[in-house]
Amino acid sequence: MKEKIKSKKSISGTKKEMIILWITFAVYILSVSIISIFHEPWYDEAQAWVIARDASYYEMLFKLPHIECHPSLWWLWLSIFAKAGVPYLVGLKIAAIIPMGVGVWFLLFKSRFPWFIKIFIPFNFFLFFQNGVISRGYAITFMGFMILATLWNKKHIRPVRTVLVIMLICATSAYGLILMFGLTVVWLYEIIVKNGRSFNNIFSKLKKYIPAFSALLIMAVFIAARLIPVKNVAVQMSEEKSPFIAKLLYMLFVAIPDCILTSVLTDDKSIGSVTLLNFNNFMMAAMGVVLMILISRIKKYKKSLFEFIIPYSLMSVCAGLIYFYAHHLVIVASFVLFWLWICEDRVKMVGNKRLTFKNTTGKVTGPLKSKNSSEDELDLTFLVRLILILSLMIPISWTVYSSVLEVKRNYSSGVEFSNYIKENQLEELSILYAPATADEGSKEEGDFKISSSNLPVVAALLPEADNFYRFYDGKNWVLYSINKYPSNEDRLKNYKEWARMGYPDIVIGDFDYNQIIKKAGLKDSKDDADSDTEPEYACIQVLKGAKVYKYYQEYPTVAAAKKVYIKKELLEKYNLKEIDWTKEK
C-alpha cells in the first residue's frame, strides 16, 4: 500500500505542483484556442474537411486512402462535425484541440517528468502551433503516444488496452503504422527472450496475446493495403530527387534536433530539398549528432535504446524512400517524448538514480562531480537539465514568433475571399479556381493538372455556393482535389464539362479560360474565339497569404499574390469596383 501511495505521489506531486500543472493546462487550451481564432486554414486542412463533409464513408475507407496516402481516421473524426453541419472554422479547430488537449492532459498529470519540465513541453512549436493551431490528424497521433506511454511498461499485464492504443496510432498516419510495427516487433522479442529458447514456454506465454495480436495484424494489413498508392499519385511524382542517403542521414541525426534546437529544414518543405553541405546546416547537423550521442550514453536511456532504434530506423528508411515534410516532425517529437517518458517511468520504478556515465579522462570536480559514487563518474544531472531547458525554450520562441505572425498576417487567403463573396452576395455566381499545372519533368508537363487546385480552401468556407468548377474523379464531380494525374479520358471529360459551363463569373488566379475550350476540342486556338461571346474581366480583389514555420514566412509580393477577377458586366449589378492590383500593398 505504501508503495502505491509513493508511486502516485511521484506522478502527481505536491498540491502546489498540481495547481501549477492545472494552470499550465488551462493556459495551453486557452492560448491555443485564441490563436486558432486568427488562423486561416490552408489547403491540407480544407482538403480533409471537404473530404469529411462530401465523401461517402465507403470512399473515405476504401478509395481515398490510395490517393491521399493517408489512413481514414482523421476524415472519419472530422465527419462527425462536418456531416452534422458544424461551421467549418469551428468544427475543424475543435476537432484538433480535443485530442491535443487530451494528450497534453496525460502528459501533465500522468508522466513522471519533473513538473518544471512538464510545464514547458506543451508549448513546443510542433505541439502548440503545428498541431494545435493548425488542424491535422497528427493531433490524434500525439494523443495516442501519450496514452500509450502510460501503458507501455505494463503491456504484459494489460495487453488488450495496449494493443487498442497501438491500433489507434496505426490508424492516424502511415508513419504511425510503421512506428507501431517496430514497437510490436520489440514487444514480441521481449516475450521470446523472457521465456528462453523453449518453444513450449514461448507458446504458452504467447497464448494470452494471440487474440489481441491477431486483431492488430488484421487491422494493420487492412490499413497498409489501403495505403498502396494508385498509379500517377501526385505526391510521389513531384517529390524532389535527392539521394536516399542524404534523406536517411537527415532522419537519423537531424530530425530530432530539428524538433527542439535546430532549423535545418526551413518552411514546410520536404527533406528532399535539404542539403547538409552548406556550413550552417552542417554545424546544426553536427550539434544533432552530439546530442544523440549524449542521450545514448545516459544510463536510463541506454537501457531502452532498442525500443527507440528499431521503430525510428524503420521510419527513417521509409521517409528516405518515400517522402517526409517538415510538418511530419510532430510525429518524431511525439515518438521521442513517448520514449523519454517510458525511460523515466523505469527509473522511478527502481529508484531515483542520478544520470551518470563513466569518465575516462580523469577526476571530475565542480557541479558535474558525482555525489553518490566513490568512482570518478561524470554526473550529467546539471548538464542534462541545462540542455533540456534550452531544448524547451527555443521551440517556445518559435511558437511565440509564429503566433504573432498568425495574428498579424493571413496564413491562407480563403477566409478573406469567402468573406468578400458573402458580404457582396456573390454565392450564386460560378467560381473557377485556376487549376494547377503539371510539374516540370513529368510526362504531363505544360498541361493542366485539372484535378488539383486550392479550390477546397474556398469550397470549405462556402458550403452554400453550388456553382464551383468541380473535379472529376472518374465517377463523381467533387470539390476536393484528386491528388493524382488523371487519365487522358478523365482529363478530357473534365475539360468538356468546364467548357459546357461556359465562361466563369469569377476566376481566382491568372488563368486563360480559352485554354480549357481549346483542350476540350471545341476550337483550335484562342484566335478562333468569338469576340462577341468572350467576356472581359476586372480585378476586384488581391489575395495574400503565406504559411508560417518557426521564424519563417515568405509573404508574397502583390505580383505573386492571387488575383480575383469578375466579368465586367457584373460590376454594376453587384455594386463592385474594379481595382488596379499594381497599386495594392
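Guide: Cys69 is found in the loop between α4 (57-68) and α5 (73-82). Helices are DSSP runs of H or I with at least four residues, strands are runs of E with at least two, and both are numbered from the N terminus. The model is predicted: local features need pLDDT of at least 70 and side-chain atom pairs 80 or more, while totals for chains, interfaces and linings use all residues. Residue numbers start from 1 along each chain as its sequence is written, and side-chain values use heavy atoms, without hydrogens or water.

Phi of Cys69 is near 55°. That is a positive value, and the residue is not glycine. Cys69 has a relative accessible area of 13%, so it counts as buried. Here buried means under 20%, exposed over 50%, and partly exposed in between, for a 1.4 Å probe and protein chains only.

Asn575 has the backbone feature too. Its phi is near 55°, again positive and again not in a glycine. Asn575 sits in the segment after β10. Its relative accessibility is 69%, so Asn575 counts as exposed.

Now take Leu576, which also lies in the segment after β10. Leu576 counts as buried because its relative accessible area is 10%. Setting aside neighbours within four places in sequence, Leu576 has contacts (heavy atoms within 4.5 Å) with Tyr420, Asn424, Leu426, Ile566 and Leu571. Take Ile566 from that list. Leu576 and Ile566 are 10 residues apart in sequence, with 9.5 Å between their C-alpha atoms.

Ile566 belongs to β10 and stands opposite Ile506. Strand β8 (residues 506-508) is joined to β10 (residues 562-567) by 3 bridges, and the two run antiparallel. Strands pair here if DSSP finds at least two bridges between them.

Follow β10 across to β9. The two run antiparallel and are joined by 6 bridges. Cys539 stands opposite Tyr565 in β10. Of the 7 residues of β9, 6 are buried, so this strand is largely enclosed by the rest of the structure.

Next, the packing elsewhere. The largest nonpolar core has 167 residues. Such a core is a set of buried Ala, Val, Leu, Ile, Met, Phe, Trp, Tyr and Cys joined through side-chain atoms within 4.5 Å. The members touching the most others are Tyr250, Met251, Met315, Val332, Phe338 and Phe417. Helix α19 supplies the largest share of this core, 14 residues. Met315 is worth a stop. Beyond its neighbours within four places in sequence, Met315 contacts Tyr175, Ile178, Leu179, Met251, Phe324, Ile331 and Val332.

Phe338 also belongs to an aromatic cluster. Ring pairs tie it together with Phe145, Trp152, Trp187, Tyr209, Phe213, Phe308, Tyr312, Phe335 and Trp339. Rings of Phe, Tyr and Trp (its six-membered ring) pair with centres within 6.5 Å; planes under 30 degrees apart are stacked, over 60 edge-to-face, the rest tilted.

A search of the whole structure gives 37 aromatic pairs. One is Trp105 with Phe109, tilted, at 5.6 Å centre to centre and 40° between the planes. Trp105 and Phe109 are 4 residues apart in helix α6 (residues 88-110), so about one helical turn separates them. Trp105 is partly exposed at 28% relative accessibility, and Phe109 is buried at 7%. Another pair is Phe113 with Trp341: the ring centres are 6.5 Å apart and the planes stand at 65°, so the pair is edge-to-face. This pair links distant parts of the chain, 228 residues apart. Phe113 lies in the loop between α6 and α7 (115-118), and Trp341 in helix α19 (residues 329-349). Both Phe113 and Trp341 are buried.
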